[in-house]
Protein chains: 2
Amino acid sequence: MLDNLEKFAHIKRDIARINIDPLQRGGLLTPEAKEALIEWGDGYSVCDFCAGSMDHIKNPPIEDFIHGALPEFLGADEARVTHGARESKFAAMHALCQKGDWVVMDGNAHYTTVLAAERAGLSIEYVKSTGAPDYHIPAEGYADAIMNVYERKGTVGMAVLTYPDGNYGNLADARAVADICHDENVPFLLNGAYAVGRMPVNARDIGADIIVGSGHKSMASCGPVGVIGATEDLARSIFKISSSKKNKEVELLGCTVRGAPLLTMMASFPTVVERVKHWEEEVLKARRFAEGMESLGIELQGDKPHNHDLMFYTAEILYEISQKAKKGRFFLYRDLKEKGICGIKAGLTKHFKLSTFGLSQDELDYVLKAFEEIIASHPRA
Amino acid sequence: MLDNLEKFAHIKRDIARINIDPLQRGGLLTPEAKEALIEWGDGYSVCDFCAGSMDHIKNPPIEDFIHGALPEFLGADEARVTHGARESKFAAMHALCQKGDWVVMDGNAHYTTVLAAERAGLSIEYVKSTGAPDYHIPAEGYADAIMNVYERKGTVGMAVLTYPDGNYGNLADARAVADICHDENVPFLLNGAYAVGRMPVNARDIGADIIVGSGHKSMASCGPVGVIGATEDLARSIFKISSSKKNKEVELLGCTVRGAPLLTMMASFPTVVERVKHWEEEVLKARRFAEGMESLGIELQGDKPHNHDLMFYTAEILYEISQKAKKGRFFLYRDLKEKGICGIKAGLTKHFKLSTFGLSQDELDYVLKAFEEIIASHPRA
């Protein structure tokens, strides 16, 4: 048994020239990160000179990164690296909430926020969005949701806002949510998986008690790796030291990213800090792209004008084409792929999301032209 | 602020030609894994064709690996990849035990087993080792430990055996422990972080209900990545599906290793399966090496004859040298480094561990000669 294993040994990735997958645009490695990947690829390579705490390793300069650059970048008193934004959220919920508590979260929350709450034994009270076409999350909804839990004699252990959310790329009024949470003494976690590393976001300025980010999603890192930042007060609980094992943080099981993904995050960090300064250009490109799509009859959902590179579109026209097209609903994927574009899930036509992050204006013009040509080349239903 | 970031961009690793660090010998990448690292380095690269469950992705063939090759290799009904052995242990404890339960574990247990239990809110009852020089864990100790908990009216939620342990490389009688646990209806977890990928180990043959392994420690993978295998019955609990999010496993927060480390594990897998077949040679090399060390007055602790490449030594002679040596207790690290050898922690002389895994006989002879020369070149206290 255990035969035919060679199929695992040399797998090539099937990827097009232009990738518009929102999940992947912010996670493309920099040349420096690629270098780090090879230099630090071997298992446990970062631990050569560890004296017992990963976050205090001086060679490579992990300590400088985790205790210096990273908290400053996040606007947090303390920061750590984790296996990803979802693992950061679970760590915070598990450390700060009691089983049976409630978490208030936006109705646009990523599924992993729901899973983190479920894993920690917490119930969820949603702040509903306004629905199509805006899917807006009103900050006041957080006050209502907290009251709803209180009326049920429940305890609100945490509030979470997805900033922006991963479906519509909407940026809610995070500061207003923070104010509401603070009025009620509820720890406020900002899920910045699509923000940290793409756009300026500062937990202190917003008033977020906890901020989480994703290396592979938005910090040009090899996955899995994420970050968590917290106020000094909450950091004491989240990064609590073991009662029996010296210097080992319980919620992180001692060390988290004991390998190359952390070094890719560090290697990309100078580029990431720099690219965040050019966020306005990214927003302009996204808006220009959305205009082009709407002129083809493909409608942007969510915030208008849009404030993020992640965009959700509704395309009746593509759906109509799919009814008659040779490959049915897979025509869009195939046609785009033929033109060197990937990132929209195979089979989607009526609703899909994409990202313009880090693509040049020429590349975005090319993508728009591709949509135009595809529409022109198919008979409508 | 956030200046002087370039220091994070091009960090080189300071590593010698021969690395005898037990933590790292089994995690050296194969050429295939290095290839995979570059091919799949970008964030979320493995998710190009995901339909909602990472373990069922067909391109790359993750499904074949996780639902075919891996459980067969582990001797488990079901398997998953995780962020590492510690994360596997926590997932199992968190899913199967109730807060306040007891975990029975060997006194040689890795600190992360203790942290996993602490994070899950469990108390620990240790099976003591026999102490120096054997540090043997008697299987009957598990029966006693379980009884101790019962006498306190406690519930034993799980028993863990570290196989081998990470200090002495001792292999306890895992089958006998399994029998005792089964008699008491206690789920038995085998921590094979230093076994899976190095030596033949099969959960079914041993009678382990759960087995965990480490990719970066023993499966030639880029960290962090680990594995967990379980019986069908326990897998249902550990890999339970979310009550609200379709197909998403709660304890794994949906997906775990969403990046290149998983692909390095898959790429190295054919080599790993093959190298396990040559375990007897590894044991012979280790024994030969231990003989050489003992002839220099450096004493092997733990199982004798030894059955694993991880070995713990006591070296009074090196300690004596350190009392007079120029660099004090750092002389050994420096002297070995000058001879192209690394992997013993800087500052250790009297007690240290090392591994012979995957080193050629010539290389091991060279290491022995280095110890001999170092001893000869220093005056004794």
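Here is a walk through the two chains of this model, from the contact between them to single residues inside them.

The model is predicted, so local features are used where pLDDT is at least 70 and side-chain atom pairs count at pLDDT 80 or more, while totals for chains, interfaces and linings use all residues. Residues are numbered from 1 along each chain as its sequence is written, with chains lettered from A and ligands numbered from 1 in the order in which they are written.

Let's start where the chains meet. Chain A gives 78 residues to the contact, and chain B gives 78 residues; two residues are in contact if their C-beta atoms, placed from the backbone, lie within 7 Å. On the side of chain A that touches chain B, the elements giving two or more residues include helix H1 (22–25), helix H2 (31–39), helix H3 (62–74) and helix H11 (260–276) of chain A. These element names come from DSSP runs numbered from the N terminus, where helices are H or I runs of at least four residues and strands are E runs of at least two. H11(A) supplies the largest share of that side, eight residues. Sorted by class, the side of chain A that touches chain B holds 39 nonpolar, 18 polar and 21 charged residues. Here Ala, Val, Leu, Ile, Met, Phe, Trp, Tyr, Cys and Pro count as nonpolar, Asp, Glu, Lys and Arg as charged, and the others, Gly among them, as polar.

Now zoom in on one pair of helices from the two chains. H2(A) and helix H2 (residues 31–39) of chain B pack at about 165°, with their axes 10 Å apart. The axes are lines fitted to C-alpha atoms, for helices over the stretch in contact, and the angles run from 0 to 180 degrees between N-to-C directions. H2(A) and H2(B) are therefore roughly antiparallel; angles over 145 degrees count that way, while those under 35 are roughly parallel, 65 to 115 roughly perpendicular and the rest oblique. The crossing of H2(A) and H2(B) is right-handed, a label given if the near helix is turned clockwise from the far one by less than a right angle, with anticlockwise being left-handed. Lys34(A), Leu37(A) and Ile38(A) of H2(A) make this contact with Lys34(B), Leu37(B) and Ile38(B) of H2(B). By class, the contact of H2(A) with H2(B) has four nonpolar, no polar and two charged residues.

Next, look for a helix pair inside chain A. The axes of helix H12 (residues 279–295) and helix H15 (residues 361–377) of chain A come within 10 Å and cross at roughly 15°, so H12(A) and H15(A) are roughly parallel to each other. H12(A) passes H15(A) in a right-handed crossing. From H12(A), Lys285(A), Phe289(A), Gly292(A) and Met293(A) meet Gln361(A), Leu364(A), Leu368(A) and Phe371(A) of H15(A). The contact of H12(A) with H15(A) is made up of five nonpolar, two polar and one charged residue. Ser295(A) also lies in helix H12 of chain A. Ser295(A) is exposed, with 10 other C-beta atoms within 10 Å; the cut-offs are 20 or more for buried, 12 or fewer for exposed and in between for partly exposed, with C-beta atoms placed from the backbone.

Over in chain B, helix H7 (residues 174–183) has Ala174(B), Val177(B), Ala178(B), Ile180(B) and Cys181(B) buried. Those residues cover an arc of only 165° around the axis, so they sit on the same side of H7(B); the arc is that of the directions from the helix axis to the C-beta atoms. The buried residues of H7(B) pack against helix H6 (140–151), strand S5 (156–162), strand S6 (188–191) and helix H8 (203–206) of chain B. After H7(B) comes Asn185(B), with a positive phi near 60°.

Most residues other than glycine have a negative phi, and most peptide bonds are trans. Tyr44(A) has a positive phi near 60° and is found in the loop between H2 and H3 of chain A. Tyr44(A) is buried, with 24 other C-beta atoms within 10 Å. In chain B, Leu253(B) has a positive phi of about 55°, and with 24 C-beta neighbours inside 10 Å it counts as buried. The peptide bond from Gly223(A) to Pro224(A) is cis, with omega near -5°, and the bond from Gly223(B) to Pro224(B) is cis, with omega near -5°.
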